[in-house]
Amino acid sequence: MTATDTELQPRAKGLTRRQKRRLSRGAQYVVFAAAVVALAVTADWGRLKNQFAQWDIARQMFPDVITLALKNTVLYTVSGFVVGLALGMIVALMRLSSVGPYRWLAGIYIEIFRGLPALLIFIFIGVAVPLAFPGTEIVGGTYGKVALALGLVAAAYMAETIRAGIQAVPKGQMEAARSLGFSPARAMVSIIIPQAFRIILPPLTNELVLLFKDSSLVLFLGVTLEERELSKYGRDLASTTANSTPILVAGLCYLLITIPLGFVVRRMEAKAQEAVK
């Protein structure tokens, strides 16, 4: 018997690593399936249907749930994203600046607004600002307040994402631009930032998904019936009808936006990985 035969003999008596992995994976599937079946059997589907799936109540929500609530949610999200992206770009460039006070201010801003819950920012915009500056109105009314609140929160995260994207661009790109006569500012705007955005597009899209959900905090600003977003609209109807079907419908409307955006993010990440390979 050779040395090779001796090494292979113990393996012949037991399971290989691949077989063990398959067995472990199969056991996990069985446990998961058993948990799903147990939940399905023990759940009171009749009570759930009565509380969350009343078609007559759901039908009454249309078309307002789309033309009013979903529309406002999208407007709040997009406006907050635009403000956050603009402010985040400024903070990111300050973070990369050679001027010390700029870096310190940017660092303080990022730490504060990443550490505070978004709810407190909304309360600050809705309560503290009017108290601190009596008679001052934020441009755009409720829409302007939401854009500012969401933008302040998003900018802290976007700034770090943009900074990382700029630093990921090879330094040779800046050197090549300077050798062609570009000023540092023009090279940053024309060469570096466009390349950085191709790198950070997936995480920025993820931030858009998060803002879409954070727009539900608009209720803390005090909104009119025409300014309600999905969560507020569903909650009001649930109170009126004493049924949770409107909340379920509002949740499904959120998924109409977040699921396609999530698919887009995954596709962009896959393409980015293919480009690296």
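What follows is a chat about the predicted model shown above.

Visitor: How many helices and strands are there in the protein?

Guide: In this predicted model the protein has twelve helices and zero strands, and reading along the sequence gives the pattern α-α-α-α-α-α-α-α-α-α-α-α. The radius of gyration is 26 Å, well over the 19 Å that the globule rule gives for 277 residues, so the protein is more spread out than a compact globule.

Visitor: And what does the C-alpha trace span along the principal axes?

Guide: The C-alpha trace spans about 95 × 70 × 30 Å along those axes.

Visitor: What share of the residues is buried?

Guide: Buried residues make up 34% of the 277 residues. As for the surface, the protein exposes about 17,300 Å², and carbon and sulfur atoms supply 65% of that area.

Visitor: What about contacts, how much comes from residues 24 or more positions apart?

Guide: Of the contacts with a separation of 6 or more, 77% are accounted for by residues 24 or more positions apart.

Visitor: Switching to charges, how far apart are the mean positions of the positive and negative ones?

Guide: The protein has 29 positive and 17 negative charges, and their mean positions are 10 Å apart.

Visitor: OK, aromatics now. How many aromatic pairs does the count come to?

Guide: The count comes to three aromatic pairs. In one of them, the rings of Tyr109 and Phe113 have centres 4.5 Å apart and planes at 35°, so this pair is tilted; the cut-offs behind that word are under 30 degrees for stacked and over 60 for edge-to-face, with the rest called tilted.

Visitor: Where do Tyr109 and Phe113 lie?

Guide: Both lie in helix α6, residues 100-115, and they are four residues apart, about one turn of the helix. Tyr109 is buried, with a relative accessible area of 15%, and Phe113 also counts as buried, at 17% relative accessibility.

Visitor: What sort of pair do Phe212 and Tyr254 make?

Guide: The ring centres of Phe212 and Tyr254 are 5.4 Å apart and the planes are at 80°, so that pair is edge-to-face. It links distant parts of the chain, with Phe212 in helix α10 (residues 184-214) and Tyr254 in helix α12, 42 residues apart.

Visitor: Are those two buried or exposed?

Guide: Phe212 is buried, with a relative accessible area of 2%, and Tyr254 is buried as well, with a value of 13%.

Visitor: Then Ile257, which helix is it found in, and what does it contact?

Guide: Ile257 is found in helix α12, residues 245-276, and, leaving aside its neighbours within four places in sequence, Ile257 is in contact with Leu70 and Phe212. The C-alpha atoms of Ile257 and Val209 are 8.2 Å apart in space, although these residues are 48 apart in sequence.

Visitor: Why does Ile257 count as partly exposed?

Guide: Its relative accessibility is 26%, and partly exposed covers the range between the buried cut-off of under 20% and the exposed cut-off of over 50%.

Visitor: Last topic, the backbone. Which residues does a cis peptide bond join?

Guide: A cis peptide bond joins Phe62 and Pro63, with omega at about 5°, and Pro63 is found in the loop between α4 (55-60) and α5 (64-95). For background, most peptide bonds are trans, and most residues other than glycine have a negative phi.

Visitor: What is the phi of Ala242, and where is that residue found?

Guide: Ala242 has a positive phi of about 55° although it is not a glycine. Ala242 is found in the loop between α11 (230-241) and α12, and at 63% relative accessibility Ala242 counts as exposed.

Conventions:
Residues are numbered from 1 along each chain as its sequence is written. This is a predicted model: local features need pLDDT of at least 70, side-chain atom pairs count only at pLDDT 80 or more; totals for chains, interfaces and linings use all residues. Side-chain values use heavy atoms; hydrogens and water are left out. Helices (H or I, at least four residues) and strands (E, at least two) are DSSP runs, numbered from the N terminus. The radius of gyration is taken over C-alpha atoms; the globule rule is 2.2 Å times the number of residues to the power 0.38. Buried means under 20% relative accessible area, exposed over 50%, partly exposed in between (1.4 Å probe, protein chains only). Contact means heavy atoms within 4.5 Å. Accessible areas come from the Shrake-Rupley method with a 1.4 Å probe; for residues, only the protein chains shown count as cover. Lys and Arg count as positive and Asp and Glu as negative; His and the chain ends are not counted. The place of a charge is taken as NZ of Lys, CZ of Arg, CG of Asp or CD of Glu. Rings of Phe, Tyr and Trp (its six-membered ring) pair if their centres lie within 6.5 Å; planes under 30 degrees apart count as stacked, over 60 as edge-to-face and the rest as tilted.
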